[in-house]
Amino acid sequence: MGSTQTKLHWAVLQGDWEKTLQCLQKVKYNATIANPYGDYPLHLACYSGKAPPEVIQKLIKACPDAVMMKNKKGYYPLKLAEINYRSDDPNRERVLAMLRTFVDAKLCAKYCDETDTEESIDSNSIPPL
């Protein structure tokens with residue numbers, strides 16, 4: 001095992017989702033480690049195109065920053081999931097929705113000034129129903 005290839009990376013690569021969840025439970029920190037190719041466990045799960053939504057969700061919770069990280073090939077986890085989850089996979093839409101929701105929330109937090117939202121809404125400018 002390489003110095004930056006953790007047991008969590010290996011569990012994901014093997015598609016052993018039970019072991020993946022066990023590794024996350026034992027050492028959540030491993031989700032924050034990229035392998036030599038810049039892949040976090042979340043990237044690897046998205047590469048597989050087979051990780052259940054629960055695994056994707058736990059990987060996001062363990063390392064939220066990985067959602068917005070490109071690997072060395074220039075791919076975000078969302079793009080990897082779009083490419084690798086088959087269109088007829090029943091988990092595809094749920095996985096993509098989780099990744100998109102997180103990306104949208106991160107971008108909103110980055111670019112939206114939340115302190116102005118209340119002040120910018122004028123009750124007189126809202127049309128009656």
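1. Let's start with P53, which counts as buried because its relative accessibility is 1%, and buried means under 20%. Keep in mind as you look around that this is a predicted model. P53 sits in helix 4.

2. What does P53 touch, once its neighbours within four places in sequence are left aside? The contacts are N91, R94, V95 and M98.

3. Now follow helix 4 (residues 53–62) to its packing with helix 2 (residues 17–26), where the angle is about 20° and the axes are 10 Å apart. That angle is why helix 2 is described as roughly parallel to helix 4. The crossing of the two helices is left-handed.

4. Which residues meet where helix 2 packs with helix 4? From helix 2 come W17, T20, L21 and L24, and from helix 4 come V55, K58, L59 and A62. By type, the residues of this contact are six nonpolar, one polar and one charged.

5. Finally, have a look at N71, in the loop between helix 4 and helix 5 (77–84). Is N71 buried or exposed? N71 counts as buried, because its relative accessibility is 5%.

6. The side chain of N71 has polar contacts with two side chains you can find on the model: that of D39 at 2.8 Å and that of Y47 at 3.1 Å. Not counting residues up to four places away in sequence, N71 also touches others, including Y37, G38, H43 and L80.

Terms used
Residues numbered from 1 in each chain as written. Predicted model: local features only at pLDDT ≥ 70, side-chain atom pairs only at ≥ 80, totals over all residues. Heavy atoms only, no water. Axes fitted to C-alpha atoms, helices over the stretch in contact; angles between N-to-C directions. Helix = DSSP H or I, 4+ residues; strand = E, 2+ residues; numbered from the N terminus. Parallel < 35°, antiparallel > 145°, perpendicular 65-115°, else oblique. Left-handed = near helix turned anticlockwise from the far one by under 90°. Contact = heavy atoms within 4.5 Å. Nonpolar A, V, L, I, M, F, W, Y, C, P; charged D, E, K, R; others polar. Buried < 20%, exposed > 50% of the residue type's maximum accessible area, 1.4 Å probe, protein only. Polar contact = N/O pair within 3.5 Å; in protein donor to acceptor, adjacent residues only side chain to side chain.
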